[in-house]
Amino acid sequence: QVQLVESGGGLVQAGGSLRLSCAASGSFFSINTMAWYRQAPGKQRELVAHITNSGSTNYAGAVKGRFIISRDNAKNTVNVQMNSLKPEDTAVYYCNAGIRKYSYTPYVDYWGQGTQVTVSS
(Lines give C-alpha, C1' and ligand atoms only; values in the text may rest on other atoms or scores of the structure.)
Protein backbone atom coordinates (compact mmCIF):
# COMPACT_ATOMS: atom_id res chain seq x y z
CA GLN A 1 0.00 0.00 0.00
CA VAL A 2 1.52 3.30 -1.11
CA GLN A 3 1.04 6.16 1.31
CA LEU A 4 2.06 9.79 1.57
CA VAL A 5 2.42 11.00 5.15
CA GLU A 6 2.73 14.69 5.90
CA SER A 7 4.05 16.43 8.99
CA GLY A 8 4.98 19.88 10.17
CA GLY A 9 1.78 21.89 10.13
CA GLY A 10 0.70 24.13 12.96
CA LEU A 11 -0.07 27.63 14.14
CA VAL A 12 2.33 30.47 13.44
CA GLN A 13 2.22 34.24 13.57
CA ALA A 14 2.32 36.32 10.42
CA GLY A 15 5.90 36.73 9.26
CA GLY A 16 6.93 33.41 10.74
CA SER A 17 8.09 30.20 9.09
CA LEU A 18 7.04 26.58 8.92
CA ARG A 19 8.48 23.55 7.18
CA LEU A 20 6.21 20.81 5.88
CA SER A 21 7.52 17.36 5.11
CA CYS A 22 6.01 14.44 3.22
CA ALA A 23 7.32 10.91 2.95
CA ALA A 24 6.20 8.23 0.52
CA SER A 25 6.07 4.75 1.96
CA GLY A 26 5.17 1.29 0.74
CA SER A 27 6.23 -0.68 -2.28
CA PHE A 28 6.62 1.16 -5.59
CA PHE A 29 8.91 1.43 -8.60
CA SER A 30 9.44 5.17 -8.99
CA ILE A 31 8.16 8.65 -8.22
CA ASN A 32 7.71 11.32 -10.86
CA THR A 33 6.69 14.87 -9.95
CA MET A 34 6.01 15.71 -6.31
CA ALA A 35 3.97 18.71 -5.25
CA TRP A 36 2.23 20.61 -2.50
CA TYR A 37 -1.33 21.82 -2.83
CA ARG A 38 -3.49 23.74 -0.40
CA GLN A 39 -7.16 24.27 0.20
CA ALA A 40 -8.57 27.13 2.22
CA PRO A 41 -12.12 27.03 3.61
CA GLY A 42 -14.65 27.66 0.87
CA LYS A 43 -12.01 27.62 -1.86
CA GLN A 44 -10.80 25.11 -4.41
CA ARG A 45 -7.61 23.17 -3.93
CA GLU A 46 -4.73 24.99 -5.58
CA LEU A 47 -1.17 24.15 -6.52
CA VAL A 48 1.46 25.69 -4.25
CA ALA A 49 4.61 24.29 -5.82
CA HIS A 50 5.87 21.24 -7.65
CA ILE A 51 9.24 19.67 -8.27
CA THR A 52 10.21 17.13 -10.91
CA ASN A 53 12.43 14.14 -10.25
CA SER A 54 15.29 16.08 -11.85
CA GLY A 55 14.77 19.01 -9.50
CA SER A 56 12.98 21.54 -11.69
CA THR A 57 10.55 23.62 -9.68
CA ASN A 58 7.48 25.72 -10.28
CA TYR A 59 5.64 27.97 -7.81
CA ALA A 60 2.27 29.63 -7.60
CA GLY A 61 2.57 33.37 -7.92
CA ALA A 62 1.20 33.92 -4.41
CA VAL A 63 4.10 32.04 -2.80
CA LYS A 64 6.98 32.74 -5.18
CA GLY A 65 9.94 34.16 -3.32
CA ARG A 66 8.61 32.99 0.06
CA PHE A 67 8.29 29.21 -0.26
CA ILE A 68 11.00 26.76 -1.28
CA ILE A 69 10.20 23.20 -2.37
CA SER A 70 12.82 20.48 -2.22
CA ARG A 71 12.99 16.70 -2.43
CA ASP A 72 15.27 13.86 -1.49
CA ASN A 73 14.95 11.11 -4.08
CA ALA A 74 16.88 8.62 -1.97
CA LYS A 75 14.45 9.07 0.93
CA ASN A 76 11.32 9.57 -1.21
CA THR A 77 10.52 12.80 0.57
CA VAL A 78 9.38 16.26 -0.45
CA ASN A 79 9.50 19.34 1.74
CA VAL A 80 8.34 22.91 1.53
CA GLN A 81 9.96 25.65 3.55
CA MET A 82 7.42 28.42 4.06
CA ASN A 83 8.78 31.82 5.04
CA SER A 84 7.20 35.23 5.58
CA LEU A 85 3.87 33.55 6.15
CA LYS A 86 0.69 35.57 5.73
CA PRO A 87 -2.81 35.00 7.09
CA GLU A 88 -3.92 34.21 3.54
CA ASP A 89 -1.60 31.21 3.58
CA THR A 90 -3.94 29.57 6.09
CA ALA A 91 -5.17 26.31 4.59
CA VAL A 92 -4.93 22.55 4.70
CA TYR A 93 -1.78 21.60 2.82
CA TYR A 94 -1.68 18.36 0.84
CA CYS A 95 1.27 16.43 -0.48
CA ASN A 96 0.89 14.95 -3.97
CA ALA A 97 3.06 12.58 -5.97
CA GLY A 98 2.90 10.71 -9.22
CA ILE A 99 3.93 7.17 -8.35
CA ARG A 100 4.49 4.15 -10.52
CA LYS A 101 3.98 0.92 -8.61
CA TYR A 102 5.66 -1.28 -11.21
CA SER A 103 7.90 -0.59 -14.19
CA TYR A 104 5.07 -1.53 -16.55
CA THR A 105 2.24 0.49 -14.94
CA PRO A 106 1.45 4.17 -15.45
CA TYR A 107 2.03 6.91 -12.92
CA VAL A 108 -0.91 7.37 -10.58
CA ASP A 109 -1.61 10.41 -8.41
CA TYR A 110 -1.39 9.84 -4.67
CA TRP A 111 -2.40 12.29 -1.97
CA GLY A 112 -1.52 12.74 1.66
CA GLN A 113 -4.13 13.21 4.34
CA GLY A 114 -3.46 16.93 4.68
CA THR A 115 -1.93 19.05 7.41
CA GLN A 116 -3.38 22.26 8.78
CA VAL A 117 -1.40 25.48 8.56
CA THR A 118 -2.86 28.47 10.39
CA VAL A 119 -1.26 31.90 10.22
CA SER A 120 -2.49 34.43 12.74
CA SER A 121 -2.35 38.16 12.12
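Guide: This is a predicted model. Tyrosine 104 has a relative accessible area of 67%, so tyrosine 104 is exposed.

Visitor: Is tyrosine 102 buried, partly exposed or exposed?
Guide: The relative accessibility of tyrosine 102 is 42%.

Visitor: What kind of aromatic pair do tyrosine 102 and tyrosine 104 form?
Guide: The count of aromatic pairs comes to 2. Tyrosine 102 and tyrosine 104 form an aromatic pair with 5.4 Å centre to centre and 10 degrees between the planes. Planes under 30 degrees apart count as stacked, so the cut-off settles the matter. The pair of tyrosine 102 and tyrosine 104 is stacked.

Visitor: Over the ring of which tryptophan does the charged end of arginine 45 sit?
Guide: Arginine 45 lies over the face of tyrosine 94, at 3.7 Å from the ring centre. The charged end of arginine 45 also sits over a tryptophan ring, 4.7 Å from its centre. That ring belongs to tryptophan 111.

Visitor: Is arginine 38 buried or exposed?
Guide: Arginine 38 is found in strand β4. Its relative accessible area is 6%. Buried means under 20%, and therefore the label for arginine 38 is buried.

Visitor: Which aspartate has a side chain joined to that of arginine 38 by a polar contact?
Guide: The side chain of arginine 38 makes a polar contact of 2.7 Å with the side chain of glutamate 46. Leaving aside neighbours within four places in sequence, arginine 38 is in contact with residues including Arg45, Val48, Phe67 and Tyr93. A polar contact of 2.9 Å joins the side chain of arginine 38 to that of aspartate 89.

Visitor: Which residue in β5 stands opposite tyrosine 37?
Guide: Strand β4 (residues 30-39) and strand β5 (residues 46-51) run antiparallel and are joined by 5 bridges. In the hairpin of β4 and β5 there are 6 residues between the strands, and glycine 42 takes a positive phi near 75 degrees. Opposite tyrosine 37 stands leucine 47.

Visitor: Which glycine takes a positive phi in the hairpin of β5 and β6?
Guide: β5 is joined to strand β6 (residues 57-59) by 3 bridges, and the two run antiparallel. Across this pairing, histidine 50 stands opposite asparagine 58. The hairpin has 5 residues between the strands, and the positive phi, near 100 degrees, is taken by glycine 55.

Visitor: Which are the edge strands of the open sheet of 4 strands?
Guide: The order in this open sheet is β1-β3-β8-β7, with antiparallel pairing. An edge strand pairs on one side only. The edge strands are β1 (3-7) and β7 (67-72).

Visitor: What is the average twist from one strand to the next in that sheet?
Guide: The sheet is open and has 4 strands. From one strand to the next, the twist averages 15 degrees.

Visitor: What is the bridge partner of valine 5 in β3?
Guide: Strands of a sheet pair through backbone hydrogen bonds, either parallel or antiparallel. β1 and strand β3 (residues 18-25) run antiparallel, with 5 bridges joining them. The bridge partner of valine 5 is alanine 23.

Visitor: How far apart in space are alanine 14 and valine 48?
Guide: Alanine 14 lies in the loop between β2 (10-13) and β3, and is partly exposed with a relative accessible area of 41%. Not counting residues up to four places away in sequence, alanine 14 touches Leu85, Pro87, Val119, Ser120 and Ser121. Alanine 14 and valine 48 are 34 residues apart in sequence, and their distance in space, C-alpha to C-alpha, is 18 Å.

Visitor: What distance separates the C-alpha atoms of lysine 75 and lysine 101?
Guide: Lysine 75 lies in the loop between β7 and β8 (77-82). Lysine 75 is exposed, with a relative accessible area of 60%. Lysine 75 and lysine 101 are 26 residues apart along the chain, and their C-alpha atoms are separated by 16 Å.

Visitor: Is threonine 77 buried or exposed?
Guide: Threonine 77 is found in strand β8. Leaving aside neighbours within four places in sequence, threonine 77 is in contact with Cys22, Ala23, Met34, Ser70, Arg71 and Asp72. Its relative accessible area is 17%, which is under 20%, so threonine 77 counts as buried.

Note on methods:
Residues numbered from 1 in each chain as written. Predicted model: local features only at pLDDT ≥ 70, side-chain atom pairs only at ≥ 80, totals over all residues. Heavy atoms only, no water. Pairing = 2+ DSSP bridges. Phe/Tyr/Trp six-rings, centres within 6.5 Å; stacked < 30°, edge-to-face > 60°. Buried < 20%, exposed > 50% of the residue type's maximum accessible area, 1.4 Å probe, protein only. Lys NZ or Arg CZ within 6 Å of the ring centre and 35° of its normal. Polar contact = N/O pair within 3.5 Å; in protein donor to acceptor, adjacent residues only side chain to side chain. Contact = heavy atoms within 4.5 Å. Axes fitted to C-alpha atoms, helices over the stretch in contact; angles between N-to-C directions.
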